[in-house]
Amino acid sequence: MYRRYSDDSDDLDLLPLIGGGMDEQTDRDLLMHNRRRRQSAPVRCYHALTACISGCFSSVFSLCSRRKELHARTIRLGHGPVLGKYPPNVVRNQKYNVFTFVPLVLFQQFKFFLNLYFLIMALSQFIPQIQIGAPITYWGPLGFVLTITLIREALDDFVRFLRDREMNSQKYERLTPHGYEKICSSQITVGDMIVIHKDQRVPADVVLLRTTEKQGACFVRTDQLDGETDWKLRIAVPHTQRLQSDTVCTLTKNEMVFKKMHLGTVAFGADSFEEVAKNVRSAYADGGKVPKHSLAFKVQQAVEAIALCHNVTPLYDDDAAEADQQRAQSQISYQAASPDEVALVSWSESVGLALVHRDLSGMRLQTPTGESKSYQILQLFPFTSETKRMGIILQVRSVKTSKTLLISVLILKKL
């Protein structure tokens with residue numbers, strides 16, 4: 001038994017109703033197959049062409065987006081790479097050049113629907129049959145807006161050009177077989193050995209080989225990468241550290257001030273820090289023989305803990321020797337991974353206990369009486385977001401008796 005499917009087409013094949021082992025799904029599949037078979041030749045060609053173009057674009061996209069394979073690189077230090085061609089070390093943030101300026105600016109403006117609409121309306125006024133008013137009433141405002149946009153983009157791109165030229169022309173010292181030579185940042189190539197001085201921008205991806213600090217440590221700031229203005233410790237080790245500085249981000253200023261200290265039931269605020277300084281001076285003036293239950297002893301221990309439990313390095317404006325560091329105390333500055341550590345050490349200096357030396361193996365404090373207390377760093381427990389604490393194990397170095405005492409972990413909570 002048969003029935004005819006009614007559709008917009010005039011003749012469709014007769015399909016069995018529900019007999020012969022075929023269900024409704026099979027009927028629908030067969031009907032769609034017959035419709036596809038009866039499509040005209042141009043429609044089939046159109047679909048084939050569309051599929052071909054789509055396949056070509058997909059192939060080109062996958063070829064362009066394919067991840068570049070990494071290979072081993074051999075570099076002769078001071079003589080450049082052995083093989084391979086690398087892009088120049090040039091900073092370029094310009095968006096346009098002489099040839100692309102006008103086309104790109106116009107494209108950026110007319111890619112929006114409203115701007116394109118006004119352009120089409122202005123062009124339509126050249127057709128007399130649909131002209132509404134004088135063309136100047138359409139082209140005048142549009143031309144004025146486009147002129148202002150072109151001038152603004154030109155000025156912004158020129159400012160970027162000046163900034164790039166300043167960055168690319170900064171001078172650096174390159175070590176060659178014949179000594180040092182001054183070169184611009186844009187002249188640095190892969191394999192060059194350059195000298196980066198204090199407060200100087202890192203001009204490219206570099207490998208830290210050595211520093212003036214005997215332990216190979218230095219502090220860098222990555223504000224041009226991630227906007228963080230905190231100092232980060234980097235050490236020249238056999239497996240090397242990478243330092244990068246090649247992008248622009250929003251800069252933030254992060255400063256901390258120590259305002260209050262709690263000792264059990266006693267609290268010292270900004271208006272009573274002078275009393276803290278008096279207790280510290282009193283404790284060290286008595287040769288450290290104050291009673292352990294006295295307030296002066298408790299204040300001394302707290303301030304000493306604050307002055308020791310950190311990762312701060314003191315820096316001097318001049319190249320003072322070890323013997324001149326006490327004399328240059330007024331010119332000291334501090335560097336650390338976080339501003340709160342600098343705030344703690346600066347505060348301990350203000351109440352009489354100053355950090356005058358720090359390296360990877362030890363540190364030294366200067367007491368209000370002018371004496372020095374040296375400590376050896378045995379273990380450092382960095383601050384983590386989980387514990388919200390840091391700790392340090394120090395060994396006291398006694399200058400007179402050359403004996404060492406192991407002190408307990410000093411842990412400070414970061415507020």
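1. Start at Lys259, whose contacts (heavy atoms within 4.5 Å) take in Phe268, Gly269, Ala270 and Phe273, once residues up to four places away in sequence are left out. You'll find Lys259 in the loop between strand 11 and strand 12; helices (H or I, at least four residues) and strands (E, at least two) are DSSP runs, numbered from the N terminus. With a relative accessible area of 58%, Lys259 is exposed. On that scale, buried means under 20% relative accessible area, exposed over 50%, and partly exposed in between, using a 1.4 Å probe and protein chains only. Lys259 and Asp271 are twelve residues apart along the chain, and their C-alpha atoms are separated by 9.1 Å.

2. A word on what you're looking at. This is a predicted model, in which local features need pLDDT of at least 70 and side-chain atom pairs count only at pLDDT 80 or more, while totals for chains, interfaces and linings use all residues. Residues are numbered from 1 along each chain as its sequence is written, and side-chain values use heavy atoms, with hydrogens and water left out.

3. Now the overall picture. The protein chain has nine helices and 21 strands. Of its 415 residues, 30% count as buried. Take the contacts between residues at least 6 apart in sequence: 44% of them join residues at least 24 apart. The accessible surface of the chain comes to about 28,500 Å², and carbon and sulfur atoms own 59% of that. Those areas come from the Shrake-Rupley method with a 1.4 Å probe; for residues, only the protein chains shown count as cover.

4. How many aromatic pairs does a search of the whole structure find? There are eight. For a pair, the rings of Phe, Tyr and Trp (its six-membered ring) need centres within 6.5 Å; planes under 30 degrees apart count as stacked, over 60 as edge-to-face and the rest as tilted. Tyr117 and Phe118 are edge-to-face, because their planes sit at 65°, with the ring centres 5.6 Å apart. Tyr117 is partly exposed at 39% relative accessibility. Ring pairs also join Phe113, Tyr117 and Phe118 into a cluster.

5. Phe258 and Phe273 are worth a look too: they form a stacked pair, 6.1 Å centre to centre with 25° between the planes. Phe258 lies in the loop between strand 11 (242-243) and strand 12 (261-263) and Phe273 in helix 7 (residues 273-285), so the pair ties together parts that are 15 residues apart in sequence. Phe258 is buried, with a relative accessible area of 17%, and Phe273 is buried at 13%.

6. On to charges. Side chains of opposite charge can pair when their charged atoms come close. The structure holds eight salt bridges, each being a side-chain nitrogen of Lys or Arg within 4 Å of a carboxyl oxygen of Asp or Glu. One of them joins Arg174 and Asp192 (3.0 Å, N to O). That pair links distant parts of the chain, 18 residues apart: Arg174 is in strand 5 (residues 171-176), and Asp192 is in the loop between strand 6 (179-184) and strand 7 (193-195). Both Arg174 and Asp192 are buried. Another bridge runs from Glu173 to Lys182, with the closest N and O atoms 3.7 Å apart; Lys182 is exposed at 58% relative accessibility.

7. Arg152 and Glu153 also meet in a salt bridge, at 3.4 Å from N to O. Arg152 is partly exposed at 44%, whereas Glu153 is buried at 12%. Together with Lys95, Arg152 and Glu153 are linked in a network of salt bridges. Asp157 lies in helix 5 (residues 136-168) and is buried at 7% relative accessibility. Setting aside neighbours within four places in sequence, Asp157 is in contact with Gln94, Lys95 and Tyr96.
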